[in-house]
Amino acid sequence: MTVSTPGRICLFGEHQDYLGLPVIAAAISRRISMDAQQSEQPGFRLNLPDIGDVVTIPFDGKPLHYPKIRDYFRSGINVLLREGFTFSKGIEGEVRGNIPINSGTSSSSALLVTWLNVLSQLSDEPQQLSRERLAELAYVAEVLEFGEPGGMMDHYSTAVGDVIYLESKPKIALRELHPNLGIFVLGDSQEPKDTIGILGRVKFGMLRIIEKLSIINPTFSLDHSDITEVTEFKDYLPKDEYILLKGNLENRDILCDALTVLQSPDGLDNVRFGQLLTDHQTNLRDAQRISTPKIDRMIDGALHAGALGGKINGSGGGGCMFVYAPNKPEQVAEAIEREGGKAYVISVDAGTTIQA
């Protein structure tokens, strides 16, 4: 069998989901695929030619230990063992992909969704799990299993596909959107990301702010309070914390505007959609401080070449940016590469798929 899963871009709501705020994300036409089959020899063997590696996992039916952190092949197996799956036969296969690695496009989540899809289909009692269930299990295997910060956007976006609106509070609520979006251009800065460091700084920075606000004004809420209410905290918070709080609320409101644009019965307003992306980037650069000078130059170059808007993608501090360029994608891609990035013309794509 062959299973294929897309990467993703976060359209709106970067650094919002772990605060209980909604996000809008899109699956993209760069994917990871796995060709796999059962084997009479117990254990799991996967060839990874893209990175010149081979994964060999001996297996005796018992939960696996982790020789290294973020061992997603083993964590995927362990999560399914806890769900009651068994593997008396082995599984062997090959993994290939064209999603930029460690660049904010969810290559790890796409890999895990793909792997869980394969495992569940090639187990002793095969099950075709729903895309939503695959997303839930991938979140457990990637985030909870290793005690890392992060939300569920990546897993739902890559598993479900197309464009999704995701709420995580008071409980998970997924809405599939199908706007008529045009072409994007993804730009890899080829700067390594410090995902854990940035998530720790921005996430825990906001949690400290929320704790302070609960004392100053217990009625204040990230979900519902108007942005004009922020001014009452200006004298109580250090400047950086005040800017971070204001930026989060502005991004919350930008997402609400974007949801209206994406669901408009009159069709998508491309110009407005692009401007909202750029507005979001302004806060990510100035309030969350997750952009880099190189990514700023890549975005500016793309806008001058005809893109309608764009932003950094993922946790930040390096990795990828993207721009919305329905009219001149090739020229925009050239502009990104002139600034030192590696450009990919992409479109919105389907979620995880299985081929017999």
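User: A strand is a DSSP run of E with at least two residues, a helix is a run of H or I with at least four, and both are numbered from the N terminus. In which strand is Ser39 found?

Analyst: This is a predicted model: local features need pLDDT of at least 70, side-chain atom pairs count only at pLDDT 80 or more, and totals for chains, interfaces and linings use all residues. Residues are numbered from 1 along each chain as its sequence is written, and side-chain values use heavy atoms, with hydrogens and water left out. The strand that spans residues 23-39 holds Ser39. That strand is β2.

User: Is Ser39 buried or exposed?

Analyst: Buried means under 20% relative accessible area, exposed means over 50%, and partly exposed lies in between (1.4 Å probe, protein chains only). The relative accessible area of Ser39 is 10%, so Ser39 is buried.

User: With which side chain does the side chain of Ser39 make a polar contact?

Analyst: A polar contact is a pair of N or O atoms within 3.5 Å; within protein, one must be able to donate a hydrogen and the other to accept it, and residues adjacent in sequence count only if both atoms are side-chain atoms. One polar atom of the Ser39 side chain lies 3.1 Å from the backbone nitrogen of Gln41. The side-chain partner, also at 3.1 Å, is Arg45.

User: What is the length of the polar contact that joins the side chains of Glu14 and Lys311?

Analyst: Glu14 sits in the loop between β1 and β2. With 2% relative accessibility, Glu14 counts as buried. Contact means heavy atoms within 4.5 Å, and beyond four places in sequence Glu14 touches residues including Met153, His280 and Lys311. The polar contact between the side chains of Glu14 and Lys311 is 2.5 Å.

User: Which parts does the pair of Phe12 and Phe273 tie together?

Analyst: Rings of Phe, Tyr and Trp (its six-membered ring) pair if their centres lie within 6.5 Å; planes under 30 degrees apart are stacked, over 60 edge-to-face, and the rest tilted. The structure holds 13 aromatic pairs, and Phe12 with Phe273 is edge-to-face at 5.8 Å centre to centre and 75° between the planes. Phe12 lies in β1 (residues 2-12) and Phe273 in α7 (residues 270-286), so the pair ties together parts 261 residues apart in sequence: strand β1 and helix α7.

User: Why is the pair of Phe184 and Phe273 edge-to-face?

Analyst: Phe12 and Phe273 are both buried. Phe184 and Phe273 have ring centres 6.3 Å apart, and their pair is edge-to-face because the planes stand at 80°.

User: Which residues form one aromatic cluster with Phe12 and Phe273?

Analyst: Phe184 and Phe273 are both buried. Besides Phe12 and Phe273, the members of the cluster are Phe184, Phe322 and Tyr324.

User: How many charged residues are in the lining of the second largest pocket?

Analyst: On a 1 Å grid over the protein atoms alone, a pocket is an open set of points where a 1.4 Å probe fits, with protein on both sides within 12 Å along at least five of seven lines; lining residues have an atom within 4 Å of a point. Among the lining residues are Gly20, Tyr165, Lys169 and Asp223. Ala, Val, Leu, Ile, Met, Phe, Trp, Tyr, Cys and Pro count as nonpolar, Asp, Glu, Lys and Arg as charged, and the others, Gly among them, as polar. The lining has 4 nonpolar and 2 polar residues, and its charged residues number 4.

User: How much space lies in the second largest pocket?

Analyst: Grid points are joined across faces, edges and corners, and a volume is the space filled by probe spheres set on the points. β6 (163-167) and α6 (239-262) each supply at least two lining residues. The space in this pocket is about 150 Å³.

User: Which side chain does a polar contact of 3.2 Å join to that of Lys169?

Analyst: Lys169 lies in the loop between β6 and β7 (173-177). Lys169 is partly exposed, with a relative accessible area of 45%. The side chain joined to that of Lys169 belongs to Asp223.

User: What is omega for the cis peptide bond of Lys169 and Pro170?

Analyst: Most residues other than glycine have a negative phi, and most peptide bonds are trans. The bond that joins Lys169 and Pro170 is cis, with an omega of about 5°.

User: What is the positive phi of Ser106?

Analyst: Ser106 is found in the loop between β5 and α2. At 7% relative accessibility, Ser106 counts as buried. Ser106 is not a glycine, yet its phi is positive, at about 65°.
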